[in-house]
Amino acid sequence: VSAHDELRQLLQRYARAADERDVDGLRTLFHPEAEIDGVRGLLPLDAWLETMRGPQAFPVSMHLMGEPLIVLDPAAGDRPPRASLDTYAVVFQVGDRDAGQGDMTIGMRYRDEAVLHDGGWVFQRRTTTTLWMH
Amino acid sequence: VSAHDELRQLLQRYARAADERDVDGLRTLFHPEAEIDGVRGLLPLDAWLETMRGPQAFPVSMHLMGEPLIVLDPAAGDRPPRASLDTYAVVFQVGDRDAGQGDMTIGMRYRDEAVLHDGGWVFQRRTTTTLWMH
Amino acid sequence: VSAHDELRQLLQRYARAADERDVDGLRTLFHPEAEIDGVRGLLPLDAWLETMRGPQAFPVSMHLMGEPLIVLDPAAGDRPPRASLDTYAVVFQVGDRDAGQGDMTIGMRYRDEAVLHDGGWVFQRRTTTTLWMH
C-alpha cells in the first residue's frame, strides 16, 4: 500500500472514529505529543480527546472527507518521512428529530502534518478552519 | 493500477451507472450471486436490478461517493483476493422543477464486500444504510 | 507517485487555486493551448483565466471534488500519455453575511482530458456541466 493510500486511510479512520464517538480509536490516529488547533484553540492531544467524550451536541454525525492534497517529505537521515495534508470536509451533524432538533452542516478545512511513527502514519499537528455553516 | 485504485474506480462506475439509469452497466459491477441489503430488504442481484428499471422518483441524480475505507484480504490458496469497503456518500436527487418537484439529499453509508472475479473486482455483498435525509 | 495520484493532486490543486482566486496558479494546471467549455461557452485558456480575475459574485468558495473516474491512455510512439477524468464536485459559494447575501451550492460535473506535458500532468480540455443548484 502506498504512502498516499495509507494517508487517505488515516483520514477515513479519523472520520469513522469521530462519527462513532470512539475516543480510544481517535487516540491511535495521533502522535502522543500531537497538538490540535481548532474551535477551542490550541490543545494537546489528551485535552482535545477529553472534549470528544460525553454527550455531544448532535446525536449522529457523518464526516465526508474530500480527497487530501498531499505533499510527501521523504525520510532524511534519522528523520522519519513526513507529509502535509490539506483536506476539505463537509460534516453533517444530524439532530434528534423526536426532540425537534434541526441539522447543521459545516464546511471544514483540515490542515494536517503527519509522520511515520512506530510503523504507521499518525497526525502530529492538525489545524482546523470552519469555512461555512448551514 | 493498484487494487486500491481499481476498487475506487468500481465505486465510481457504480455512481455513473446509477445516475445514468444504466441497468446493464450496473450488472457488470456485481458478482452474479451478489446480494444487496438496502431500503427494500435483502435482495439477490436480479431482483435488485429490477428495482432500478423504469421511471424513478427523481429524474436526475448525482452520487457523490466519499473516499472508501478499504481493508484488503489477499488471496490465500484457491480463494481469490477480497476487500471490504466502507464508503460515505451524498446522493443528490434532483426534482423536476417544471412540475414543481423539490430536491432530496440523502446521506448514505455503503458497506461492500468485493472480490476479484474473472480478472476484475466486483461487489459480492452490499449493505446500505441511510444516515440522514434533507 | 502513481499517475492516478498525480491526476488526483491536479484536481486538488485546481480546487485550491480556484478557491484562493490564484489565477497564476490556475494557469500552471493547464496546457498552454487548453480549451474550457463551461457556462460561458468554449473559451481558450487565456480568455477563461480573465473571467477568473477581479471580484467574484461570492467572496468565499469551497470546491469539494469527488473521486475522479480515471481512464489512462499510455504513451504510444511520440504521443505522450493521456488520461480522461470524470469528476463530480459540489461547489459551495459562501455569501457575505454582513451584506445579507445568501449562499449558493452547485452540483458540477467536470470532464477533463489531461496530458503529460513537460514532465507534469495538465488539463488540455475541460467540459463542465451544472447538474443542480440550491
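Guide: Let's start with a word we'll need: contact means heavy atoms within 4.5 Å. Keep in mind that this is a predicted model. By that cut-off, 20 residues of chain A are in contact with 21 residues of chain B.

Visitor: Why is the pair Arg8(B) and Asp5(A) called a salt bridge?

Guide: The rule wants a side-chain nitrogen of Lys or Arg within 4 Å of a carboxyl oxygen of Asp or Glu. Here the closest N and O atoms of Arg8(B) and Asp5(A) are 2.6 Å apart, so the pair counts as a salt bridge. Across the interface of chain A and chain B, the rule finds three salt bridges. There are also seven residue pairs in polar contact between these chains, both partners at pLDDT 80 or more.

Visitor: Which parts of chain A supply the side that touches chain B?

Guide: Helix H1 (3-19), strand S3 (60-65) and strand S5 (82-94) of chain A each supply at least two residues. H1(A) gives the most, with eight residues. Sorted by class, this side has seven nonpolar, four polar and nine charged residues.

Visitor: Now for chain C. How many residues of chain A are in contact with it?

Guide: 21 residues of chain A are in contact with 20 residues of chain C. The area buried between chain A and chain C is about 1,600 Å², with carbon and sulfur atoms giving 59%. Glu67(A), Tyr88(A) and Trp132(A) are the residues of chain A that lose the most area to chain C, together 40% of what that side buries.

Visitor: What makes Asp5(C) and Arg8(A) a salt bridge?

Guide: Same test: the limit is 4 Å. Asp5(C) and Arg8(A) come to 2.6 Å, N to O, so their side chains meet in a salt bridge. The rule finds three salt bridges across the interface of chain A and chain C, and seven residue pairs are in polar contact there, both at pLDDT 80 or more. On the chain A side, the elements giving two or more residues are H1, strand S4 (69-73), S5, strand S6 (104-117) and strand S7 (120-133). S5(A) has the largest share, five residues. This side divides into eleven nonpolar, six polar and four charged residues.

Visitor: How do you know that chain A and chain C are related as by a three-fold rotation axis?

Guide: Chain A can be laid on chain C by a turn of 120° and a shift of 0.0 Å along the axis, with an RMSD of 0.0 Å. The two copies are therefore related as by a three-fold rotation axis. Chain A can be laid on chain B by a turn of 120° too, with a shift of 0.0 Å along the axis and an RMSD of 0.0 Å.

Visitor: And why do you say the copies meet through different surfaces?

Guide: Only 15% of the interface residues of chain A are also interface residues in chain B, so chain A and chain B meet through different surfaces.

Terms used:
Residues are numbered from 1 along each chain as its sequence is written. Chains are lettered from A and ligands numbered from 1 in the order in which they are written. This is a predicted model: local features need pLDDT of at least 70, side-chain atom pairs count only at pLDDT 80 or more; totals for chains, interfaces and linings use all residues. Side-chain values use heavy atoms; hydrogens and water are left out. A polar contact is a pair of N or O atoms within 3.5 Å; within protein, one must be able to donate a hydrogen and the other to accept it, and residues adjacent in sequence count only if both atoms are side-chain atoms. Helices (H or I, at least four residues) and strands (E, at least two) are DSSP runs, numbered from the N terminus. Ala, Val, Leu, Ile, Met, Phe, Trp, Tyr, Cys and Pro count as nonpolar, Asp, Glu, Lys and Arg as charged, and the others, Gly among them, as polar. Copies are superposed by least squares on the C-alpha atoms of residues with pLDDT of at least 70 in both. Buried area is the accessible area (1.4 Å probe) that two parts lose on being put together, summed over both.
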